[in-house]
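Here are my notes on the model you sent. Please keep the structure open while you read them.

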Amino acid sequence: MKLKYLLILIFVLLSCIPLFVGLQYLNQTAGAHYRALFEDHLSSLSLIAKKRVLATVERFKDNTALVSSRTQMRISLGRWNQDGDPVHVTKIRQILNDAKHGLSQIKEIQVYDRQGVFVAGSGADPDGELALDPRSAKETITLQRAGSDIVLVSTAPLILNHETVGFIRLEFYSNFLTDMVRDRSGLGETGEWLVAVRDENGDALFAVPLKYDHAAAFNRTVSKERLDVPITQALLGNERLMANAPDYLETPVMASTRYIPGLDWGLVAKVNEAEVSSLVSRNDTLILVAEVIIIVVAICVGVLLSVFVSGPIEKLRAHTSKVAKGRFDPPPELGGWREVKDLATHFAFMVQALKELNESLQAKVEERTRELNDANRMLENLVTEDPLTGLRNRRHFDERYAQEFGRAKRHAHDLTVVMLDLDHFKSVNDTYGHSTGDEVLKRVASHLKSTIRDSDILARLGGEEFCLALPESAEASCMSFLERIRGEIADMEFAADGKVFRVTCSFGVAGLDADVESKDILLERADAALYHAKQSGRNRVVRHGEVAEISNG
């Protein structure tokens with residue numbers, strides 16, 4: 001056998017056998033790897049959707065607190081409970097309409113008395129009598145059907161002077177849910193979002209229209225006994241990735257389940273297993289084609305390399321044969337090794353290109369990670385920040401205040417709570433418009449924020465009402481500071497429609513005493529002092545101790 005053909009066979013075998021074995025292993029593992037990547041993708045989509053739902057629901061809770069904290073509404077409801085005068089109902093209805101116009105997500109607001117009987121609403125009065133069970137009218141948020149619409153219903157008690165004077169019920173449009181289930185980006189052709197609640201039997205009741213059943217909302221259920229179905233696992237609180245699980249149509253699907261705590265909702269992102277298998281098979285086909293191309297290239301490279309290596313040797317053998325026969329021709333010019341060197345250079349270039357590609361992919365992964373962290377921080381701000389004033393909202397205040405109260409009780413430190421409320425703020429909205437009222441709230445909030453210490457806690461509780469917690473500060477020592485703030489707010493000038501006007505603010509102050517056993521009692525004392533400030537003429541700072549002295553006198 002000629003040396004050239006022998007080298008060709010050796011180089012082909014040396015290049016093809018390892019390639020064939022390695023590519024076969026790659027072909028076997030690539031399918032599982034691609035499927036794992038799709039599972040991670042589906043899990044990430046469902047986690048982002050869960051955070052979006054939680055952020056939106058928290059915003060609705062803040063809106064509920066914003067409406068229910070209106071002092072005049074609670075006062076009018078308390079008076080209506082006492083004398084039943086229709087004038088109070090008219091006043092409540094005006095406040096509800098004003099609140100509804102200021103919040104676009106609200107569909108309807110209804111107020112009930114302490115027995116759960118309907119009093120007033122933001123829309124037309126209902127044809128029949130409405131009633132609310134006081135035992136179930138706690139601070140809850142549920143999904144319900146209202147006619148042809150699906151609404152998110154929030155209920156909360158209305159408290160005045162530490163007593164429940166009634167209840168409020170708000171209906172929010174659920175566009176954020178319907179938009180989410182219609183937007184199936186990233187879920188392929190057969191992908192779908194599922195959202196479900198529990199019915200009275202504990203079964204999974206779908207709360208949104210389904211891709212393959214548009215009338216499923218509050219009509220279609222899945223038995224709680226079907227533990228193999230993803231939506232049932234989601235309602236059980238099991239957040240997991242399920243493969244080859246039957247959906248509501250008994251179709252095998254890949255699904256990522258999520259549980260919405262506090263609301264008892266189940267959320268599922270799913271894709272038919274047939275589509276996932278098709279994507280994996282398509283990837284396997286591409287790998288097989290790549291295998292064939294690589295093997296053909298390897299054979300060609302082996303042939304060329306053997307020719308380059310054997311060529312000079314064949315020429316040298318022929319020259320040696322001629323010399324042995326007595327022919328002394330000039331020796332041939334030997335080549336071939338230069339081509340081998342060029343081939344090695346090309347291989348080095350390919351290695352460098354692969355290294356640069358890996359670095360580029362690493363940079364993209366880091367960029368995506370930063371974007372995800374930024375999105376998480378944005379969601380955190382949506383949950384804890386008041387969008388109008390930039391101050392912290394009630395949820396953030398409750399968390400920080402609970403920490404400071406516990407620290408003050410453990411170490412016997414001072415703690416003072418101040419409730420602030422702008423006087424006659426509704427007349428500002430009625431006279432100059434809501435945009436001017438918003439500017440007033442922003443300027444007052446900015447002034448308060450610039451005046452307090454970094455360790456103090458300032459939040460907008462709702463409407464024109466603010467709350468301030470002052471750690472390491474006694475009630476008596478805060479009075480001059482609060483009087484200065486009250487005077488500075490009263491001196492502020494606001495302009496609208498060519499007119500200049502001022503606003504005033506009332507303050508209720510309560511300090512932590514030994515007899516205060518819970519953080520809610522301290523807040524109630526500050527609220528009672530604020531109520532006394534309002535009743536005694538407004539634009540003043542009232543300590544809870546003064547209210548107690550008047551009550552004892």
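The points below take the sheets, then the helix pairs, then the salt bridges.

1. Basis. This is a predicted model, in which local features need pLDDT of at least 70 and side-chain atom pairs count only at pLDDT 80 or more, while totals for chains, interfaces and linings use all residues. Residues are numbered from 1 along each chain as its sequence is written, and side-chain values use heavy atoms, with hydrogens and water left out.

2. An open sheet is built from 5 strands in the order 2-1-5-4-3, with antiparallel pairing. Strand 2 (118-121) and strand 3 (140-146) are the edge strands, and each pairs on one side only. From one strand to the next, the twist averages 25°. Strands here are DSSP runs of E, at least two residues long, and helices are runs of H or I, at least four; both are numbered from the N terminus. Two strands count as paired if DSSP finds at least two bridges between them.

3. Strand 1 (residues 106-113) and strand 5 (residues 163-173) are joined antiparallel by 7 bridges. Look for Gln110, which stands opposite Arg169 in strand 5.

4. Strand 6 (residues 192-198) and strand 7 (residues 204-206) run antiparallel and share 3 bridges. Arg198 has Ala204 in strand 7 as its bridge partner. Contact means heavy atoms within 4.5 Å.

5. Helix 2 and helix 3. The axes of helix 2 (residues 71-83) and helix 3 (residues 86-102) come within 9 Å and cross at roughly 155°. Helix 2 is therefore roughly antiparallel to helix 3. Axes are lines fitted to C-alpha atoms, for helices over the stretch in contact, and angles run from 0 to 180 degrees between N-to-C directions. Under 35 degrees counts as roughly parallel, over 145 as roughly antiparallel, 65 to 115 as roughly perpendicular, and the rest as oblique. Among the contacting residues are Met73, Leu77 and Trp80 in helix 2, and Val89, Ile92 and Leu96 in helix 3.

6. Helix 10 and helix 11. Helix 10 (residues 434-451) packs on helix 11 (residues 479-491) at about 150°, with the axes 11 Å apart. The two are therefore roughly antiparallel. Val444, His447, Leu448 and Thr451 of helix 10 make the contact with Phe481, Arg484, Ile485, Glu488 and Ile489 of helix 11.

7. Helix 8 and helix 12. Here the angle is about 110°, and the axes of helix 8 (residues 394-411) and helix 12 (residues 519-535) lie 10 Å apart. That makes helix 8 roughly perpendicular to helix 12. Phe397, Tyr401, Ala402 and Phe405 in helix 8 meet Lys519, Leu522 and Leu523 in helix 12.

8. Salt bridges. How many salt bridges does the structure hold? There are 29 salt bridges, each a side-chain nitrogen of Lys or Arg within 4 Å of a carboxyl oxygen of Asp or Glu. One of them joins Glu250 to Arg226, at 2.9 Å from N to O. Glu250 sits in the loop between strand 9 (241-246) and strand 10 (252-260), and Arg226 in the loop between strand 8 (221-222) and helix 5 (230-235), 24 residues apart.
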